[in-house]
Amino acid sequence: MPPLLVEAPDFRPSRALAEALLTVDDYDVAAVMIPALWGADELLGELAGRTRVHRLRHDATSGESLASALGPPGVENDAGAVGFIVVQHPAELEERRFSELLEFVSGRPLTVLLILRSQQDLPESVIRHGRTGRVVTLAVRALTPEDTVRAMVRELGGPVTSLAARRTVLLSGGHPQAVNMVLDRARRTQVLRPVDGVWRWEPEEPAFRRRLAEELPELMRGLEEKEHELLRLISCAWRLPESWAVREFGVCVVDSLRAQGLIGVDAPAPHGPPELRITSELLESGIADRMRPAESARLWHVMGATVPRVGIGATAEIGLIWWAARVGEQVGVEEALRAARGAVSRSWYGPAIAVLDAMAEDPGPTGRVLRVRAMLGLGRVREAVQDLGRLVRHSPGDTAPSSEWLDALRQGLLLARRLSLFQPAAADPLVQQLSAVLGPGTTPTLDRIVGTADDAVCPGDPEDVEGARRWLQEVRRIHQEAPCDEAAVAQLHVGARLGLGRHPDLGRLVLSLLLDQLAREGGRPDVEEAAHSLLLMITMVTGWHTDTLRLDVGTWRHGAANPATGAAVADTVGAVAAMQEDRMHTAAQFAVSAMASWERDDPYGLLPFASAVHAACASYVDPEVAAEAHRDLRLRGLEESAGFPALRLATAGMALVGSGPGAFEVADALVRLAERAREAGEWAQEQQLLLLGVLSGWPPAAEAIGESSWGRSTGRARMIGILGEAMITESDTRALEIADVLLQAGARFFGLAVLMVRWQRRHELDLSQRAWIVRTVLEERRRAPEGSWVLSTFTELDLSSREEQVLGLLRRGEPTRQVARVLRLSPRTVEATISQLLQRFSCRNRMELMELGLVDLE
């Protein structure tokens, strides 16, 4: 009897199940599957509020007569609706009592309701009766990450930052009831809170974790003692071999937890032994935080240390070694290095560091470079740079280094080269030091790629066709000549150069191919996250429209990476997307969320850009907010040389928008920055700077777009090209066509900016064009999710109460005297009001004024 899956998109599975049960017809028995009985009481409460519900007492499953067990008569609902007899302990339901229940409900509007944790708990008598077709089983469908995020936005009534969405998805594991618990606890503890309409997740969440730990008994109340104990052991080890768990706890316990969806099975290798994991971080976190160190140590000595270390699976072995390190056990060098290497390859960066710190001896060069890689994976750039510096200082120097030292220094050089893409100021000195120690020829392919990227763009080739061909030839050579680890970093450089330069589509292709390759090979999640972040950045600066939900979910599915790195990149993308959609409050808060994640460290060099985006958005929100954001920007010591190189000039441009000078003064400075970007061959930055300039209505910016070689390209370049055309074309018809295209494509701010410029010369527009602008702006005002600076510039459309009343009566066809009589005004006052409106909207008569549609007929 496979269960019918009920949709619960609002995170209220109890309500969804109650609705389903009340629509079920002509069944003797309904069985509802609720993992760990989460929300069982809420379900009964929902049913009791709509129909008659009678609970069969615990001691009534046997012995006592059914009539006395059901209590006084009147179980049936007088209205004829379905009622329920709830069996609270179905596992103890005897065959005889089940037969009595079936006989009792026969012919009555009653259904026997069994609340079970999974189909494994179905009594044999119910299974046999199910063959008659008179039993229905129901369960709630698990939520996908996309479903969870969309429902969060509906439930909370506003956008959510990437970190908030990611934490909710990972904590809940797809259980709707768990999502409800996470949101409830997070809101109560202010970990999840709205800031100017955007729901943010605070980076520090100790109060939230304490609340989860306090409510662990509620999470575990539907589980048996052995199930509880197995979950605690898995929480300690992260992964446990399934064979050991079955041997120690029995197949029924393991199968029960699997059937409830509380644990899953991983097979780390194609033919490796299966390993058990807890599917919901909510449950895992609650168990781990409630468990005291002494209890963890006791469990280690009682059971953990008895788990065999051979043939159990690499992931389970890592978990056990990490557990031993946490309880104070010293770990041997080989064992620790093997565990740390495996942990890093699975994004378990914290456990890798803990294992390395628990080594009985000096970790040596291999352990040191593994620690650097783990630090970079966590986004802790400063510590990683310090560890790399120590690696260089501790190298053998004049004596010939061993093969272990050579390999470690080479790996350090690759890490520094990867970091130099995002943080060159921190990485370049280390690259020089490591290259000097290793000598020439250590990473020849990567050296060639970096040297080629540093060459100036040929000014005689504006389309850079030859450059694109050369880069693609380099990609082929990379695969033919370079070792895998060097090839991955080299492809990152090529993808960044193409994607954030003149060839975004080629850059995406190179990075996508790299991701496919890394997914097949495995073991480099930190490089995968860097590739994902680069793809996000390319989409941000070159895509027509940014689907942040799709990008975010794609990033989460990549692996269990540090949420404060990739999620912060996605929040920066979300800020730029929200700006384009004319949601400046939201954009500012997305930028603040990204900045908060990067306050401690900035792995991708995007803190200056996020800060500049915040200042630019704030300049459209409120003068006080703008002044505070600009002060904060200056305090950060923003310089063009800081941060991610491919966005340095664009960062300076965003800072100019948020700096406060007059619009044309800012626009002129933006055009000069764009000229510098063009000279350097930085198309993406040039496009962004000219886009910011043309939005200020500055003709030289639009002219520069028209003169560019990319203005008629595809993607975002084409959008910027037609926007520039709309700002300077003499054809009002063409300008309004472009505005309509931009609005329909979701680029609301750009489309409204075109209308704003045309509205300033409305006396030159024909009546139909003015009417179209009026209708469009009024509709956008009605649909605007938040305050809009550009919509507020259409001040002529802000009618006074008297003007609205006069226009409303005129639209009904009332003559002037009747209008005056209804409004208790003199006819001269009415005439004066109409005359002012005609002049304001450049109309020759009342008929034209009516055709503008300034007020509804209602």
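Modeller: Lys and Arg count as positive and Asp and Glu as negative, while His and the chain ends are not counted. The place of a charge is NZ of Lys, CZ of Arg, CG of Asp or CD of Glu. On that basis the protein chain has 95 positive and 116 negative side chains, and the centres of the two sets lie 3 Å apart.

Colleague: On what kind of model do these values rest?

Modeller: This is a predicted model, in which local features need pLDDT of at least 70 and side-chain atom pairs count only at pLDDT 80 or more, whereas totals for chains, interfaces and linings use all residues. Residues are numbered from 1 along each chain as its sequence is written, and side-chain values use heavy atoms, with hydrogens and water left out.

Colleague: Why is Ser708 called buried?

Modeller: Buried means under 20% relative accessible area, exposed over 50%, and partly exposed in between, with a 1.4 Å probe and protein chains only. Ser708 has 12% relative accessibility, so it counts as buried. Of the 858 residues of the protein chain, 56% count as buried.

Colleague: Where does Ser708 lie, and which residues does Ser708 touch?

Modeller: Ser708 lies in the loop between helix H36 (699–707) and helix H37 (715–728); helices are DSSP runs of H or I with at least four residues, and strands are runs of E with at least two, numbered from the N terminus. Leaving aside residues up to four places away in sequence, Ser708 touches Arg678 and Glu686, a contact being heavy atoms within 4.5 Å.

Colleague: What is the phi of Asp582, and why is Asp582 called buried?

Modeller: Asp582 has a positive phi of about 65 degrees, although it is not a glycine. Most residues other than glycine have a negative phi. Asp582 is placed in the loop between helix H29 (566–580) and helix H30 (584–598). Because its relative accessibility is 2%, Asp582 counts as buried.

Colleague: Why is Ser842 called partly exposed?

Modeller: The relative accessible area of Ser842 is 25%, and therefore Ser842 is partly exposed. Ser842 is found in the loop between helix H44 (827–840) and helix H45 (846–851). Ser842 is not a glycine, yet has a positive phi of about 55 degrees.

Colleague: How many helices and strands does the protein chain have?

Modeller: The protein chain has 45 helices and 11 strands.
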